[in-house]
Amino acid sequence: METKTEIKKEGIKKVFLESGLEVKPLYTYEDEYGKNPGFQEELPGQFPFTRGIHPLMYRKRPFTIRQYAGFASPEETNERFNFLIKNGQTGLNVAFDLSTQCGLDSDDPRALGEVGRVGMAIDTLEDFEIAFNGIDLDKITVSLTINGSAIVLMAMYFALAEKRGYDLKNLRGTAQNDILKEFIGRGTWIFPVDKSVKLVVDTIEYCAKHVPKYSPVSVCGYHIRESGANPVQEMAYAFCIAKAYSDETMKRGIDIDEFASRLSFNFDIYGNLFEQIAKFRAGRRLWAKIMREEYQTKKEESCWMRMIAGGGGAGLTKEQPENNIVRTAYYALISALSGTQTMALCTYDEAFTIPTEKSAEIALRTMQIMMNEMGICDTVDPLGGSYYVESLTNEMELAIRNEMMKVDEQGGIINGVATGKVQETVSRQAYEREKAMQDGKILKVGLNCFKKEEEKRSVEFHPYNVDAATRQVEKLKKKRAERNNEKVKQLLAGVRDDANKNLNMLTSIIAAVKEYATVGEIIDVLKEVYGEYQEPIFF
Amino acid sequence: MKVLLAKPGLDGHDVGVKVLAHAIKAAGHQVIYTGLRKSIEEIVQKAKEEKPDVIGLSILSGTHQVLCEKMNDEMKKQEVEIPWIVGGNIPAEDVTELRKTGAREAFPTGTQIDAVVKYIGELK
């Protein structure tokens with residue numbers, strides 16, 4: 001190639017993407033079509049869906065805006081939800097505090113200082129009733145960011161919907177509920193790996209039978225990447241995890257087409273713009289092929305890689321935080337150009353704290369400006385046909401496939417997580433990345449170049465609401481006193497029985513939450529039967 | 001040097017503490033890491049057993065003040081005299097307060113890893 005000679009002659013440095021692929025300074029017809037004589041034009045809405053899962057994409061229906069929100073008590077969170085909806089948000093993405101995420105009640109001594117801090121505190125169904133008061137669950141789809149204790153919170157959501165007269169058959173929404181990634185990054189695991197996977201499969205099975213429009217799992221490449229994985233590994237691990245859940249579900253005699261279309265994904269955006277876009281295009285194509293070729297799905301929707309994207313906390317900086325507004329605007333652009341179904345941006349102050357109302361509004365407006373002023377919704381997959389993007393898409397597809405094979409050769413993803421091998425790989429990479437950043441090999445504006453000395457912090461903190469935490473504990477104690485405790489006791493015994501018999505846990509948990517059994521009480525019963533995860537120490 | 005790194009509280013963000021563990025090891029020191037979600041009592045107990053030269057707490061959920069007060073009390077209660085430091089999502093204005101609470105030093109996110117490793121290496 002001529003360009004290669006040029007590079008040598010001019011002494012131009014070589015460029016590699018984070019995934020290790022080399023980037024040329026120029027791509028031509030030859031790169032896209034020349035190497036691929038059997039080339040057939042791809043169209044959105046058609047297998048293998050490289051260009052998008054729908055034929056008209058945003059022209060027909062723009063991406064859903066679903067900012068992550070939740071803090072203090074359900075009362076405060078309900079106010080923020082209403083604020084976001086009033087300002088044009090079309091879905092909710094619920095943040096829970098760490099005690100709820102770890103399955104502890106607000107008055108548990110281990111929850112001290114955590115109640116309502118990084119999300120909303122939930123103890124009983126009463127809290128859900130307050131949090132979603134006045135919100136039409138038919139119009140606003142709700143995504144629950146919950147994992148270790150997901151089965152209890154999903155049970156509460158279903159119980160709430162039933163109590164309010166919605167038909168579960170038509171209920172939409174999503175739970176994150178991807179426990180395997182919690183063992184790799186994020187860390188809100190509770191039970192041993194096999195029991196944790198069993199509970200995820202319980203929710204998939206239950207939804208397939210009773211809540212068919214609900215998405216019980218959103219497989220998260222996101223947190224795996226935040227923990228140190230490169231973009232290729234992010235996709236590969238997420239696909240391996242989605243396959244693992246699918247395999248386990250099929251072992252229960254459930255047909256792949258009964259649940260595959262309800263699996264969705266959550267991916268990370270930060271990094272090289274073209275690498276991310278190619279990653280998603282390649283991912284959509286590869287996932288479709290896996291579903292059709294390996295799993296012999298018959299339904300078209302079973303092949304869709306549906307996703308939420310837009311976040312990328314690891315790409316943001318504490319230094320010159322206003323720069324994060326610019327970064328997240330680029331992230332929004334990347335996810336729109338990648339054909340995401342749902343978008344959520346980090347707020348510019350997330351490197352410090354959870355969002356204030358102001359920063360949440362800026363993130364919301366960032367997406368609305370792009371959606372309404374930039375023509376982003378007019379044409380499907382506008383980068384399709386770009387020599388560079390198409391060529392990179394092909395290379396990424398191959399690289400993701402190879403990475404998945406590596407996982408399989410090492411005994412599969414469940415084994416890799418249980419032994420800590422996957423964690424070891426990503427944490428080593430996180431260290432190498434940090435070193436490269438400190439050595440200035442990876443440039444980060446404001447952090448290792450274009451620095452400003454002696455900055456005064458310009459971010460206003462979202463304050464921790466101690467009063468709300470105190471009120472939450474009082475409310476819990478009151479509820480425990482006034483509910484039918486005899487009945488709660490019986491229902492918790494029912495949960496224990498079902499766990500011992502290895503039954504699907506949702507039925508008994510829904511019954512228990514309806515009588516206001518607490519998150520902590522139910523999780524404790526499951527801990528007695530299943531035991532707790534012992535973390536392998538790897539770094 | 002022998003360093004005990006610990007994650008108290010419920011926070012599951014362990015990228016930073018593991019990056020630091022790698023860096024401390026690369027600098028030739030010995031590292032013991034507790035893993036996630038340890039109570040302060042467990043951490044102090046571990047310190048009694050392992051006798052490290054320094055203990056490092058990693059806290060990113062914002063509960064650093066509460067947990068560090070507990071750490072200070074527990075260290076006194078169990079009569080352990082090992083210097084301890086804290087790192088994580090700590091606003092700059094909290095650093096002085098954490099020092100008063102008993103932490104030898106507090107390192108907000110964004111601190112150069114090398115600076116932390118150097119600090120640990122020079123601890124007496």
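Trainee: How many disulfides over all chains?
Mentor: Zero, over all chains of this predicted model. A disulfide here is a pair of cysteine sulfur atoms within 2.5 Å.

Trainee: Which cysteine sulfur is nearest to that of A:Cys102?
Mentor: That of A:Cys220, 16 Å away. A:Cys102 is buried, at 2% relative accessibility. Buried means under 20% relative accessible area, exposed over 50%, partly exposed in between (1.4 Å probe, protein chains only).

Trainee: What are the ground rules?
Mentor: Residues are numbered from 1 along each chain as its sequence is written, and chains are lettered from A and ligands numbered from 1 in written order. Local features need pLDDT of at least 70, side-chain atom pairs count only at pLDDT 80 or more, totals for chains, interfaces and linings use all residues, and side-chain values use heavy atoms, without hydrogens and water.

Trainee: Interface next. How much area do chain B and chain A bury?
Mentor: About 2800 Å², 57% of it on carbon and sulfur atoms. That is accessible area (1.4 Å probe) lost on putting the two parts together, summed over both.

Trainee: Which residues of chain B lose the most?
Mentor: B:Leu10, B:His22 and B:Arg37, together 26% of what that side buries.

Trainee: How many residues are in the contact?
Mentor: Chain B gives 34 residues and chain A gives 35 residues. Contact means heavy atoms within 4.5 Å.
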